[in-house]
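Reader: I would like to learn how to read charged pairs and helix packing in a model such as this one. Could we begin with the charged pairs and then turn to the helices?

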Amino acid sequence: MSLAKILHMNIGDGESSYANNSTLQETGIRKAVPFQKLLIKGLANHNVFNECFTVADLGCSSGKNTLLVASNIIDIVHEVCQENDRKVPQFQVCLNDLFGNDFNNIFKLLPDFYANLRKDKGEGFGPCFVSAVPGSFYGRLFPNQSLHFVNSANCNHWLSQVPRGLESNGSNICMARASPPNVYQAYQNQFHNDFTKFLQMRSEEVVHGGSMILTFCVREVADPTIADCFAQLELLGQSLVDMIKEGLVRESDINSFNVPLYFPCEEEVRNIIEYERSFSLENMNVSQLNSDPYVKDYINMTDAGELSQIHAKNISKVTQAVLEPLLISHFGNSIIDMLFKKFEKHVAEDFLKQKPKRLFMTIISLTKK
């Protein structure tokens with residue numbers, strides 16, 4: 001089955017749902033707001049949009065973050081128009097994600113979203129039209145020259161497919177530090193092909209002078225053998241290996257499972273943008289985030305054991321919200337609870353040995369040539 005049909009975040013609003021475990025992604029979205037303001041001011045100054053401002057949010061997922069992106073962009077356009085004494089345009093907001101995304105949950109949020117727009121901006125504001133566009137952003141999604149602004153948050157590190165030629169990766173379920181060199185190369189090649197394709201598709205859809213903001217995870221060093229960006233996935237892989245010994249998982253199933261995630265280094269991203277040539281790179285900013293989004297909530301705690309348990313539970317819930325559907329599609333549903341209990345134990349033990357892991361996130365501002 002193709003990845004586009006099975007990859008999605010945990011749906012609903014339960015304890016392990018993405019809707020309730022996406023604070024980390026929200027932090028990335030909020031960090032992008034100043035860069036969105038700069039680009040939208042440029043669009044207004046060059047009269048790129050007039051009667052209608054068309055926005056695409058690619059990889060929107062489902063939950064509070066989905067309409068947060070749209071709200072931020074609408075607020076910025078409204079503010080810029082008022083500063084320039086120009087009429088606020090109508091808005092077309094196109095929400096995109098893969099076919100398994102919980103679009104129904106998004107639709108349930110729309111009445112309050114529309115009501116808040118009218119309350120904040122006045123009854124004469126808009127109108128704003130929100131639509132869903134399911135499909136992979138590694139293919140075409142919109143008509144030629146139809147988008148003024150594209151936002152994609154926390155998405156481009158997801159590959160279009162699991163790279164080929166990973167048989168030598170053994171029990172590693174990702175591009176781990178113990179993976180052989182050919183695995184690194186396979187992941188790198190897949191990202192190069194995917195990100196190039198992504199830029200090519202958007203170059204057809206974005207108007208001349210239109211803009212994109214892309215936010216996704218990167219690794220802090222060029223050498224993948226010393227980067228620890230997938231340290232938590234390595235612990236998840238160890239949890240699966242533990243289950244072999246208990247007869248709960250077959251070794252062959254682990255050996256055939258690889259997570260389609262790749263965190264490029266900054267230089268790789270720059271090189272692909274320059275190679276593809278459709279967009280000008282306006283800005284590229286890399287910032288650090290705590291892998292545990294709730295770390296500030298217990299910063300004054302002194303009991304290391306208790307702290308490690310809380311940290312491990314947080315990391316486990318965030319990881320389950322993102323990876324559970326992918327794991328179920330390969331291993332089935334019966335192992336999930338046990339797997340994440342083991343994972344939580346490994347994370348707690350790792351926490352006591354070393355500092356919590358940091359994530360590196362890039363925010364990229366692009367203008368269509």
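Author: Side chains of opposite charge can pair when their charged atoms come close. With a salt bridge taken as a side-chain nitrogen of Lys or Arg within 4 Å of a carboxyl oxygen of Asp or Glu, the count here comes to 9 salt bridges. This is a predicted model, in which local features need pLDDT of at least 70 and side-chain atom pairs count only at pLDDT 80 or more, while totals for chains, interfaces and linings use all residues. Residues are numbered from 1 along each chain as its sequence is written, and side-chain values use heavy atoms, with hydrogens and water left out.

Reader: Which residue forms a salt bridge with Arg 177?

Author: The partner is Glu 234, with the closest N and O atoms 3.0 Å apart. The pair links distant parts of the chain, 57 residues apart, since Arg 177 lies in the loop between β4 (147–153) and α6, and Glu 234 in helix α7 (residues 231–245); helices (H or I, at least four residues) and strands (E, at least two) are DSSP runs, numbered from the N terminus. Arg 177 has a relative accessible area of 36% and Glu 234 one of 24%, and each is partly exposed (buried means under 20%, exposed over 50%, partly exposed in between, with a 1.4 Å probe and protein chains only).

Reader: Are Glu 205 and Arg 202 buried or exposed?

Author: Glu 205 counts as buried at 0% relative accessibility, and Arg 202 likewise at 0%. Their side chains meet in a salt bridge (2.8 Å, N to O), and both lie in helix α6, 3 residues apart, about one turn of the helix.

Reader: How do the axes of α6 and α9 cross?

Author: Two packed helices are described by the angle between their axes and the distance between the axes. The axes of α6 (residues 181–205) and α9 (residues 266–276) come within 10 Å and cross at roughly 45°, the axes being lines fitted to C-alpha atoms over the stretch in contact, with angles from 0 to 180 degrees between N-to-C directions. That makes α6 oblique to α9 (under 35 degrees counts as roughly parallel, over 145 as roughly antiparallel, 65 to 115 as roughly perpendicular and the rest as oblique).

Reader: Which residues in α6 meet α9?

Author: Among them are Phe 191, Phe 195 and Leu 199 in α6, while the α9 side includes Val 269, Ile 272 and Ile 273, contact meaning heavy atoms within 4.5 Å.
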